[in-house]
Amino acid sequence: MTRIQKMIIRKMAQGYTQAEVSGYLKNRDIRPCSLSTIEKELSKLKKEFKAQTIIHLFVLLARKGHIKI
């Protein structure tokens with residue numbers, strides 16, 4: 001996982017929406033930070049982990065130890 005992907009996952013696991021994650025990154029001058037980028041990175045992760053939904057992705061990431069629940 002890339003640094004940006006880790007940040008996106010971490011913030012979404014804390015309850016942030018995709019738009020809020022975009023704003024969080026933008027406020028900290030972290031690039032890329034657009035909503036489109038957030039969506040694309042989540043799509044890449046879903047494909048990489050063979051997840052069908054965002055919820056499924058988070059379950060898989062939790063099982064593999066990438067996030068704590």
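Mentor: A salt bridge is a side-chain nitrogen of Lys or Arg within 4 Å of a carboxyl oxygen of Asp or Glu, and a search of the whole structure finds 1 of them. This is a predicted model, in which local features need pLDDT of at least 70 and side-chain atom pairs count only at pLDDT 80 or more, while totals for chains, interfaces and linings use all residues. Residues are numbered from 1 along each chain as its sequence is written, and side-chain values use heavy atoms, with hydrogens and water left out.

Trainee: What makes the meeting of Glu-41 and Lys-44 a salt bridge?

Mentor: The N to O separation of their side chains is 3.2 Å, which is set against the limit of 4 Å, so the pair qualifies. Side chains of opposite charge can pair when their charged atoms come close. Both residues lie in helix α3 (residues 35-48), 3 residues apart, about one turn of the helix, where a helix is a DSSP run of H or I with at least four residues, a strand is a run of E with at least two, and both are numbered from the N terminus.

Trainee: Why is Glu-41 called buried, and why is Lys-44 called partly exposed?

Mentor: Buried means under 20% relative accessible area, exposed means over 50%, and partly exposed lies in between (1.4 Å probe, protein chains only). Glu-41 has a relative accessible area of 12%, so it is buried, whereas Lys-44 has 48% and is therefore partly exposed. Of the 69 residues of the protein, 36% count as buried.

Trainee: How do you know which class His-56 belongs to, buried, partly exposed or exposed?

Mentor: The relative accessible area of His-56 is 28%, so this residue is partly exposed. His-56 is found in helix α4 (residues 54-63), and, leaving aside its neighbours within four places in sequence, it is in contact (heavy atoms within 4.5 Å) with Lys-50 and Ala-51. The C-alpha atoms of His-56 and Leu-25, which are 31 residues apart along the chain, are separated by 24 Å.

Trainee: What is the secondary structure of the protein, and why is the protein called as compact as a globular protein of its length?

Mentor: The secondary structure comes to 4 helices and 0 strands, and read along the sequence the pattern is α-α-α-α. The radius of gyration, taken over C-alpha atoms, is 11 Å, close to the 11 Å that the globule rule (2.2 Å times the number of residues to the power 0.38) gives for 69 residues, so the protein is as compact as a globular protein of that length. Its C-alpha atoms fill a box of roughly 30 × 20 × 20 Å, taken along the principal axes.
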